Every structure is written in structure tokens, then in C-alpha cells.
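Reader: Can you walk me through this one? Keep it brisk, and give me your cut-offs as we go.
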Amino acid sequence: MAIKLGTLLVQTGLITLNELDEALKYQTIFGGKLGTNLIEMGLVEEEDIARLLSRKLNVPYAGSEQLLDIPAGTIKLIPAEIAVKYKVVPFHQEKMRLHLVMMDPGDLRAVDEIGFVTGLSIRPMVAPEISLVLALEKHYGIERDKRYIPVIKQVLKRKEQKAGSPPAPLRPPLKESAGERPGSWRESVARYSIDQLSAALADVKERNEVAARVLDFVDQRFEHAAFFLVRDQRVSGWQARIKGKDVSGFETFCLDLDQPSALKTVVETRSFYLGTPPDSPADRRVYRALHQRLPETALLIPIVKQARVICVLYVAGGAATINDAFFELQKVLQKASLALDILILRNKILMT
């Protein structure tokens, strides 16, 4: 969309430049759309963003309750594959005109294709992003992205406080399982030096590449390696490898930091953990997510920004191997931190 949401929100006084700066950092590190991060940070309400876009784009606004109460006959006007592709929900048919709620009302390609498929004239509409995600899940069975789960919890909690009624239950997390990449795990990862890793990190275009490049380097030496994201006293899975193979579904892992664990220690001290890991219930959840028993030795190194831990690298293996690699891994994490800084700056340039 040509209109920059961050600029609009600042111009209308809904957020300050400092708040936009902080939200852009969050977006770079934790992913998702800018609006999702602003809502999760409690800086704006989802309806504020939708109504602002409605005015600026001159398109009608659809409320949250209306999106969940669309007749089945209207829903059938748009095939599921089109709804998935463009993140749209048909709202109302008026003769030969279809009012269509869209994630991006400025997507003219989507408007043209949907008009061709349905034979109707398309009138774009805008709605709160989270509400559209829930509507896609209800009407088309489209699984909500894991990134939306924390902010959906917050939105539903706020609505519960306003209305005095309990929120709808969230879907349970998916079961973690090990995915595979072709070939032997030792053969599938090209061994490269730390200088080659530096070049790769300097060229990344998005945050997931940072974790992937670091794990490409780390899993040359360790059978179990993982990156965790840390936010609001909660640790979530980012990316993980077992013998060089991606752990499918690891991103659904979530651990609250209200119980003793090695991760809790790292977050609270903002320092590394090295040694025989504890066998607490919280730590056992980590081992299960990585399909391993209690490891002999574990090393957890945080990336810290503005006095807060934002992510943690985890490796497990023999004591001698980890001790030998300790200083090199610290250097690798410093480079990963700089790569995230570069992405943050690039994001600021593009989004403001």
C-alpha cells in the first residue's frame, strides 16, 4: 500500500515518533505487520487503525462483530483459495457489486482477479486486521498465523474487560515435530568460516534470515541448536535444528518465565548460561521441543538490546565441544546483533 501507516498514525497524533521508532524495532525483531506490533504494545486499538485507513483510502469500514456474522451464501461467493491468497472476506452483495473486506484495500491486482473470478464489481472495504484474521479462520478454516496469537489474546482480553464476557478460547498450539532437509545433515550444510558467515549476515533482507544463517554456522558442530525469542516475560520458538534438519513447528513453542529454568536465568541476568542444565519442568519442555533428553552440557547466549534480552541462542552437546566453541559463538552472536540493527535501520527508511 502506498500510504505509510506509521506516518499516518504520527500525523494524526495517535502515536509519537518515539513510539513509532520503538514499534519499528519490534517489527524487525519479532515480525508481523506494523499495526500488529503497535496493538501488541498497547499503543493503539485495532479499530483506530482500521478507521484511519478507511478515511485515508476512502473505503467503507467493517466492524469486528459484523465480520463474524456473514451469511454462508455470501461467503461462498469467494473460493477458499482466493481468500487464502489475498486475505479477503466477502461482506455483502448489492446487485452486481460485491463489498469485499481486504487485508490490503490498495491491492488493485487482487481487485481485478476477484472481479474476474466472481463476475462482480468489487468495492474494497477495510477492517481491523485481527478481526479479519479471526473471520478468515471462522469462515474458511484458515489457521491463524502464530504471530497473531499474543496480540489476539490482548485484543480479546480488552474486549472482555469492556463487555464483561469471557473471550473465545484459542486453538491449542501445534505439536512440535522434526522436519527434514534433503541429504545427510553433515552433507546438507556447507561448511563455511566465520568470515563467510559475516558476509552472509551483512546481506540479509529479513529477520528470519539472521537466525537461519547463524544456525547454518552453528549446526556444523552441534546436533541440537535453537533460537528463542523473548518478549513480555515469555519465550517463544524462533528456529531450531536437530542434526542440521529444521524442526517443523518449533515456532509454536511458548514458555512463560514464571517458573525456574535456564532460559529464565539468562533473561533475568542478561548473561550466558553454561553448564549442566537443570531438570525442571520448564526445562524439560525445552528438551521435548528439541526432541532430546537431558543434555550433558548446554550453552545459552542472549542478544541484548536496550538492556533487554530479545533472543537467546541455545546449543547442547559435550562439555569439551561447547567450551572450545564458546568464544566463537559469542562473536557470532555479536555479528547477529549487528545484522538486526541493520534491518531495523532499513525498516525505518522504508516505513517512515
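Author: Cut-off for burial to begin with: buried means under 20% relative accessible area, exposed over 50%, and partly exposed in between, with a 1.4 Å probe and protein chains only. Now the ground rules. This is a predicted model, where local features need pLDDT of at least 70 and side-chain atom pairs count only at pLDDT 80 or more, while totals for chains, interfaces and linings use all residues. Residues are numbered from 1 along each chain as its sequence is written, and side-chain values use heavy atoms, with hydrogens and water left out.

Reader: Fine. Is Glu 22 buried or exposed?
Author: Buried, because its relative accessible area is 19%.

Reader: Where is Glu 22 placed?
Author: In helix α2, residues 17-30. Helices (H or I, at least four residues) and strands (E, at least two) are DSSP runs, numbered from the N terminus.

Reader: And what does Glu 22 touch?
Author: Met 41, Gln 306 and Arg 308, not counting residues up to four places away in sequence. Contact means heavy atoms within 4.5 Å.

Reader: Lys 25 next. Buried or exposed?
Author: Lys 25 counts as buried, because its relative accessibility is 18%. Lys 25 is also in helix α2. Leaving aside neighbours within four places in sequence, Lys 25 is in contact with Gln 306, Ile 344 and Lys 348. Gln 306 is a contact of Glu 22 too.

Reader: New topic. How do the axes of α12 and α13 cross?
Author: At roughly 170 degrees, and they come within 10 Å. Helix α12 covers residues 194-202 and helix α13 residues 207-218. Axes are lines fitted to C-alpha atoms, for helices over the stretch in contact, and angles run from 0 to 180 degrees between N-to-C directions. The two helices are therefore roughly antiparallel. Angles under 35 degrees count as roughly parallel, over 145 as roughly antiparallel, 65 to 115 as roughly perpendicular and the rest as oblique.

Reader: Which residues meet there?
Author: From α12, Ile 194, Leu 197, Ala 200 and Leu 201; from α13, Val 210, Arg 213, Val 214 and Phe 217. They divide into seven nonpolar, no polar and one charged. Nonpolar covers Ala, Val, Leu, Ile, Met, Phe, Trp, Tyr, Cys and Pro; charged covers Asp, Glu, Lys and Arg; the others, Gly among them, are polar.

Reader: Rings now. How many aromatic pairs?
Author: Eight. Rings of Phe, Tyr and Trp (its six-membered ring) pair if their centres lie within 6.5 Å; planes under 30 degrees apart count as stacked, over 60 as edge-to-face and the rest as tilted.

Reader: What sort of pair do Phe 228 and Phe 250 make?
Author: Edge-to-face, because the planes are at 65 degrees, with centres 5.4 Å apart. Phe 228 is in strand β4 (residues 224-231), Phe 250 in the loop between β6 (245-246) and β7, 22 residues apart. Both are buried. Phe 228 also pairs edge-to-face with Tyr 314, at 6.4 Å centre to centre and 90 degrees between the planes. Tyr 314 lies in strand β10 (residues 308-317), so that pair ties together parts 86 residues apart in sequence.

Reader: Which residues do ring pairs link into a cluster?
Author: Phe 228, Phe 250, Phe 253 and Tyr 314.

Reader: Last one. What does Asp 256 touch?
Author: Gln 233 and Arg 234, not counting residues up to four places away in sequence. Asp 256 lies in strand β7, residues 254-256. Asp 256 is partly exposed, because its relative accessible area is 38%.
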